[in-house]
Amino acid sequence: MNVVANVYRGEQVESSHLGHIAVVDASGTLLYAFGDPHRMTYARSSMKPLQAIPVVETGAADHYGLEPADLSLCCASHSGEPRHRTRALSMLERAGQPEATLQCGTHVPRHEESYKELIRQGKPLTPVFSNCSGKHSGMIATATYMGEEVATYHLPEHPVQQRILDVVEDITGYPKEKINLGTDGCGVPVHQLPLANFAWAFAKLVRPEVIAKPERRQAVERITEAMTAHPEMVGGENRYCTDLMNAFAGRIVGKAGAESVYCLGDRKTGLGIAVKIEDGGPRAINPVVNEVLRQLGIGTDGPLEVLAQYTNPPITNMSNSVVGRIETPFLLTQTSVSLGV
């Protein structure tokens, strides 16, 4: 079995998580793997950096004066903190669109104080509280700038989503006719393809010189710079994405996805990494990512110590006493397989 994490209660294994890992370089060579690196996977929100590329490529970002922090928010699964909501609403305002244009739905934000304040004021949850409101604001800005129908920007056949599909094909190196489309939690298309191709995409994000189209290369550079300069917009307080990018001080570009997916690129080595926990449960993903980095020798000179809270998180009971732990027993296997085109 492809066990990537064991959950201990006392000294006994109570539960185990299976998983898959792919480590790929910018040329598309699979260098390390565990489990099935070619597992067909919906990367979910891990693909937000790719979904943001057309915001820059079309000229919408420059037309509406989007700042780096705005572009970072376009790549976010944010916590709904005031800074996130304010910036998303500002993006919509610059595009001349109301909050009601957002088709992402809503949910209780991770930022508890914002939700409590909403309750105290007797106000309802609105779409801007959605962790995906930044991504959707970028899509709306693009549709508005291009003179396209805005109300249907989230549908697969809309030009906004077709441009994104072209980007996904190009950056992942996987033919779009083979990409399976589903519907993400926020209502836009989500793309299913082999896990290793997502790793390749993140290798290209940190090695944009391998991207053939100059305008796409420049867009990628702006987006990755925005994410690493403003990681607080990608997640928020006590969020792994934010803490990871802060700990590595611009070296790592990382993004989580629902159902326990994580993708990241390392600017120093040029490696892209993609991880999928088979059962979709969130508790194993951050320890596994940290262990992948440790085995690759990435961050062992300090950053992983800063991220220690995520490495082997304790299992606590209702009295907050430590009763167990999570361990990551897997070993990456070295390989050399070309992903092709």
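How are helices H8 and H9 oriented to each other? In this predicted model H8 and H9 are roughly perpendicular (65 to 115 degrees). Local features need pLDDT of at least 70 and side-chain atom pairs count only at pLDDT 80 or more, while totals for chains, interfaces and linings use all residues. Residues are numbered from 1 along each chain as its sequence is written, and side-chain values use heavy atoms, with hydrogens and water left out.

**View 1. Packing of H8 on H9.** Helix H8 (residues 159-172) packs against helix H9 (residues 195-206) at about 90°, with the axes 8 Å apart. Axes are lines fitted to C-alpha atoms, for helices over the stretch in contact, and angles run from 0 to 180 degrees between N-to-C directions. H8 contributes Asp170, Ile171 and Thr172 to the contact (heavy atoms within 4.5 Å), and H9 contributes Asn197, Phe198, Trp200, Ala201 and Lys204.

View 2. Leaving aside neighbours within four places in sequence, Asn197 is in contact with Thr172, Gly173, Tyr174 and Leu339.

**View 3. The open sheet S4-S6-S5.** The three strands pair (at least two DSSP bridges between two strands) in an antiparallel manner. S4 (40-42) and S5 (180-183) are the edge strands, each with a single partner, so one side of each lacks a neighbour in the sheet. S5 is joined by four bridges to S6 (residues 189-194).

**View 4. Helices across the sheet strands.** H8 lies across S5 and S6, at about 20° to S6. H9 lies across S4 and S6, at about 105° to S6.

Note on methods:
Parallel < 35°, antiparallel > 145°, perpendicular 65-115°, else oblique.
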